[in-house]
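The exercises below are to be worked through with the sequence and the model open. Each task is followed by a solution in steps.

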Amino acid sequence: MSMLWRASLSGRFVAASAAHRLTNLRAFSTREVIAITEVRKGMIIKIEDKYCEVKEWQPHKQGRGAAAYNVTYNELDTGKERLHKFTSASKVPKVDPDREECQVLYTKGSGVEEKIVVLADAEYNELELPLARFVGHSSVPDGSSALLYKDDGEIIKVNVKP
């Protein structure tokens, strides 16, 4: 009886772990509109049709006036740091992007504006990105790994793994 019970438990465990792995393999990005009070550091949100990563979120209230919220963020396409003030009733779209790891094949072109980095994804498809999309990097070494964050196929963020 105990062997039958153990087999039943191990079968449930295998089925549960397989189902857990399948639900964690997300093949699409998600978006949801959240209240400004739910925004936290590290979230990717969309402000004025630009993708932004939140660096700091602070409530701000003076006297008896309505609360406001100051959000400091980095624009993901330029890397510039900005500050935006929201009212307490504001809502912003939160984006949970797809993450794709790519290999840097080579760099072509000259000058910072004209350099193109050629990447290969998991299926060996080549992607070409301007070096300007690699915020904080003046060059990208061949053979390094890069993480691409995508929302509906659009690349919103690029990180180079050391």
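The model is predicted.

**Exercise 1.** Classify the aromatic pair formed by Trp57 and Tyr69 and state which strands it ties together.

Solution. 
- Step 1. The structure holds 1 aromatic pair.
- Step 2. A pair of aromatic rings is described by the distance of the centres and the angle of the planes.
- Step 3. For Trp57 and Tyr69 the centres are 5.4 Å apart and the planes make an angle of 15°. Planes under 30 degrees apart count as stacked, so this pair is stacked.
- Step 4. Trp57 is in strand β3 (residues 50-60) and Tyr69 is in strand β4 (residues 68-75), so the pair links parts that are 12 residues apart in sequence.
- Step 5. The relative accessible area of Trp57 is 22%, which makes Trp57 partly exposed. Tyr69, at 11% relative accessibility, is buried.
- Step 6. Arg40 lies over the face of Trp57, at 4.4 Å from the ring centre.

**Exercise 2.** Work out which strands stand at the edges of the open sheet of 5 strands, and why one side of each is left without a neighbour.

Solution. 
- Step 1. The strand order is β9-β8-β7-β10-β11, and the pairing is antiparallel.
- Step 2. β9 (126-130) and β11 (154-161) are the edge strands; each has a single partner strand, so one side of each has no neighbour in the sheet.
- Step 3. On average, neighbouring strands of this sheet are turned by 40° against each other, direction ignored.
- Step 4. Within the sheet, β7 (residues 98-108) and β10 (residues 145-151) run antiparallel and are joined by 6 bridges. Cys102 stands opposite Ala146 in β10.

**Exercise 3.** Find which ring Lys157 lies over, and at what distance from the ring centre.

Solution. 
- Step 1. Lys157 lies over the face of Tyr149.
- Step 2. The distance from the ring centre is 5.3 Å, and the cut-off for a charge over a ring is within 6 Å.

Note on methods:
Residues numbered from 1 in each chain as written. Predicted model: local features only at pLDDT ≥ 70, side-chain atom pairs only at ≥ 80, totals over all residues. Heavy atoms only, no water. Pairing = 2+ DSSP bridges. Helix = DSSP H or I, 4+ residues; strand = E, 2+ residues; numbered from the N terminus. Axes fitted to C-alpha atoms, helices over the stretch in contact; angles between N-to-C directions. Phe/Tyr/Trp six-rings, centres within 6.5 Å; stacked < 30°, edge-to-face > 60°. Buried < 20%, exposed > 50% of the residue type's maximum accessible area, 1.4 Å probe, protein only. Lys NZ or Arg CZ within 6 Å of the ring centre and 35° of its normal.
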